[in-house]
Amino acid sequence: MSATASSADGANQNADPLLKIDGLKTWYPVRGGVLQRVRRWVRAVDGVDLEICRGQTLALVGESGCGKTTVGRSVLKLEQPRQGRILFEGTDILSLSRRAMRRYRRSIQIVFQDPNASLDPRMTVRDAVAEGLNAFRIGRTAADRTRRVGELMEMVRLDPDHMWRYPHEFSGGQKQRICIARALAVEPELLICDESVSALDVSIQAQILNLLRALQTELGLTYLFITHDLGVVGNIADQVAVMYLGQIVETGTIAQIFDAPQHPYTQALLASVPRVELDLGPPAARAIGDAPDPSDPPPGCRFHPRCPKVFEPCAVSEPNMVDISGRPCRCFLYDPAHASR
Amino acid sequence: MSWIGNLVAVALVLGALLLWRRARRSRLWREALTALRRRRPIALTVVGVFVLIALMDTVAWTGGGGAEGVAASKPRSVLDRIFSPETFREKSYSAPFARTEFIGGAALTFPRRHPLGTDLLGDDVLYKTLKGVKVALLIGGLTCLVLIPLALLFGVSSGYFGGRIDDVVFFVMSTLASIPNLLLLIALIMALGKGTLQVCFALGITGWVGLSRITRAETLKLRELEYVQAARALGVSNLKILSQHILPNLAHLVIITFALLFTGLVLSETILSYLGIGLDGSWGRMIDQARNELSRDPIIWWNIAAASTALFVLVLCVNLIADALRDILDPRTLNERK
Amino acid sequence: MSAPLLTVEDLTVSFPAGRDGNARAPVVDGISLDVSPGEVLALVGESGCGKSMTALAILRLIAKPGRIEPGSRIVFDDRDILALKVTRMRALRGAGIAMIFQEPMSSLNPVRTVGNQVTEAIRLHERVSAAAARDRATQMFKRVGIPDPAGRLAAYPHQLSGGLRQRVMIAMMLVVQPRLLIADEPTTALDVTVQAQILALLRELKDELGMAILLITHDFGVVNELADRVAVMYAGRIAERGTRSEVLGRPMHPYTQGLLRSIPRLSHRGEALAEIEGVVPSLGSWPTGCRFATRCPKVFEPCDGTVPESVVLSASHHAACHEIAQRRRTAGTPSK
């Protein structure tokens, strides 16, 4: 049962989604012993289904260790998934050879979390932004490419004259803009933002979010926005998918998730977000304890040791995705097969 | 053959100039060089003088005045021509600026003209010390020419590609590191012969493990950094990533290790000389030959003093430069110098 | 309202700036604040504003080349901190004033068990036997919500999750019942669900022990959850201070207003966020006059030249802004 993230009014703008992830599993081996044999597997992504339609923003939300970053990296084939399909415009990119994949690399780009580590300290900004142009031979001469870099810098609201400077001469927010310019240089269709605003101060974060929103309208981009910050999700996303310990537990539109969350984890997440408004009621049921080690998940439902609504089947078997009022939720509470409350 | 020596000198100078020009194109390197010039002017000058002396000893040609017979057909360097060692000599020991011989007291051929005295065979000690400069620089430089590419090849490939390559390289590294260095060196030199090239080669083959470990560790770290990941996401080939991202960010490590290796190598050659397998004309040889002189009464000190002082000065200056470079080139201090 | 436990007056911390090293730039510039027993004062600001430096200064942990300028005054429990002898200061740290940090991993010694570290903290300040100290540690672990407290004493920091490590930190700091707790971004590195639990824990412990807390954070949500009073810092100075409801509900300083408007809220979805133009000026190139002048939407003549005085808006609410001062002068009556 795949989770469809279509537009809010229910009608798909395109017949096919731009990106469709089907049963993705990416596991990391944990080696040990004298012969470095594989002892266990960290099931970072354990059966994830997602869809994003063109022009939409899907937020992939979860806390540390839930595997959302791994999903992003798997889409870019920076990690090697062990199972599943990633369909970009209908083609399964996981089955492509390295050479065939190159063409798709233009269409999917990424902006990382840490602006300091995202830029080579020994390269000028111009060379960093032009890296993609060089790799795909966009622009006939170096001067062409320099001009294009200037255009890109203006697009992200930086002064093009600064392109000859080095990264350490810029602030965090400016560095992040440079990273966005670098990603946009190859004219991608899908941009993966992996915690792209998490390392920034609140006022800078607002600037970057506004910029990303403006660029989406201007260039018709599609975003996969990976974050743990629900406030950011509310601001920039159309659709939300909530992840816990390698699995999607719930998906829906912003209104659905924020106003009528179904999964206890989603509810706990929303209840735990510190709000800035003064007129707060008592907090809803929150999660207990800390997230378990992803290499040793609890038996049964992965959330059950922390769930305020745990009951009998939770510790025994893993729940599947159940469709409730048109959207999926991975919880026994809504599974008619189990005696619900 | 003199023309090989001259060719090497020209090649080295050209190589240095090319590197210089490449560095000047990048503002980072320009600033680093300026900072270095500001912090260690004396050490840089001294090392510069040493390099000049070595060059003076490299550029050589046959013919010209000043020597007769057999000596005239051998190529003589600039240094040789200045000092004319065949004629500018005494019979045996003499103290610095002395007028008479050390043993016996007979008058010298060139009284008061030997600033550092003469040795057992009557050769001018200053001349021998200056000849030793080229040998020392050769030991350090030529060996590193073998050592650094080897270390980078193994270290970077095992760090970047991991897996089987890493296992193999690690095995080789560990094996090599387990064999006592000195024994391996002696065995290699016995097998290859005692020439300069052979000794440098042997030193290079046995010495790359340390730098290799460092570059491997650094490459492992660099490989996970986001800008390398971004390059992979942009479809940049592995070779380009290695040459444009990994190697330039290893450059500071290599430069600093080079400076430290250099001094280590010069000092190990001294030890090799003690074992009789050092290079001809090196300071180590001088020190080795001077062993017995210290036990005499009165002491003959100028031979060993000259060689040791020259060694000390060179090693000290290179170490000072390396220290300064470590601060200047450290990527973390890039931010602080803003 | 009891007398303040901690009073800071005109605190200035300077660092060398510029090429020659003789010029010094203030990272913290004339800060004054006070905390009463049982109250939580939140010191809010973005990175580089000097809030962490303020905390370090109170504990006299500023390392050279930084220094606390003469003219600063810090009084804790009627004792002049800056005049204390080093041995007495050391005794005060941990016992009278405790501090928890943002990164629990780097605050805990990775080669010693957590139980070891907590018992050491106890025995450093009190004369108790090892067994008694261990008992207290176990009790404290239980109190902060660490499951299997006795067993966890033998764990090493890397074996614990981030939330547990922070709980261990809290246990370690509170086991000797300090009067003042300085918490420097205590929940920033934690997941949101764990953050909520830690904040609730801090609140409970504060009520139980009657502790005062100086909470340093950049997150207004955390401020809302825990603080009684708030002081907003910008570029080394306090821009606005007041009670929680005053600062969050009726912010007067343009910086506070801008900050609060940039926060994406769950209730306002998909809207463009109000931005504060420009970037924080870097240390050493701070403008004379009001430091926010280069980015302020209400900037006018005096802002560039003179440092704004603190305008009294109510008994507890102050803001340092020329524009507010002028508005009150022309209005003649307290305006809101």
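Helices here are DSSP runs of H or I with at least four residues, strands are DSSP runs of E with at least two, and both are numbered from the N terminus. One example of their use: C:Pro65 sits in the loop between helix H1 (51-58) and strand E4 (67-68) of chain C. This is a predicted model, where local features need pLDDT of at least 70, side-chain atom pairs count only at pLDDT 80 or more, and totals for chains, interfaces and linings use all residues. Residues are numbered from 1 along each chain as its sequence is written, with chains lettered from A and ligands numbered from 1 in the order in which they are written.

- Most residues other than glycine have a negative phi, and most peptide bonds are trans.
- The bond joining C:Lys64 and C:Pro65 is a cis peptide bond, with omega at about 10°.
- A:Glu187 is not a glycine, yet its phi is positive, about 55°; look for it in the loop between helix H6 (172-184) and strand E7 (190-194) of chain A.
- A:Glu187 has 14 other C-beta atoms within 10 Å, so it is partly exposed (buried takes 20 or more other C-beta atoms within 10 Å, exposed 12 or fewer, partly exposed is in between, and C-beta atoms are placed from the backbone).
- B:Ser84 also has a positive phi, near 45°, and its loop runs between helix H5 (78-83) and H6 of chain B.
- With 16 C-beta neighbours inside 10 Å, B:Ser84 is partly exposed.

**A helix pair in chain B**

- H6 (residues 125-161) and H13 (residues 302-329) of chain B pack at about 35°, axes 10 Å apart (axes are lines fitted to C-alpha atoms, for helices over the stretch in contact, and angles run from 0 to 180 degrees between N-to-C directions).
- H6(B) brings B:Val125, B:Thr129, B:Gly132 and B:Ala136 to the contact, while residues from H13(B) include B:Trp302, B:Ala306 and B:Leu314; contact means C-beta atoms, placed from the backbone, within 7 Å.
- The contact residues split into seven nonpolar, three polar and no charged (nonpolar: Ala, Val, Leu, Ile, Met, Phe, Trp, Tyr, Cys and Pro; charged: Asp, Glu, Lys and Arg; polar: the others, Gly among them).

**The chain A sheet**

- Four strands make an open antiparallel sheet, ordered E2-E1-E4-E5; strands pair if DSSP finds at least two bridges between them.
- E2 (37-52) and E5 (91-92) of chain A are the edge strands, each with a single partner, so one side of each has no neighbour in the sheet.
- Two antiparallel bridges link E4 (residues 83-88) of chain A to E5(A), and A:Leu87 has A:Asp92 as its bridge partner in E5(A).
- Helix H1 (residues 68-75) of chain A lies across E1 (19-32), E2 and E4 of chain A, at about 75° to E2(A).

Technical notes. Contact = placed C-beta atoms within 7 Å.
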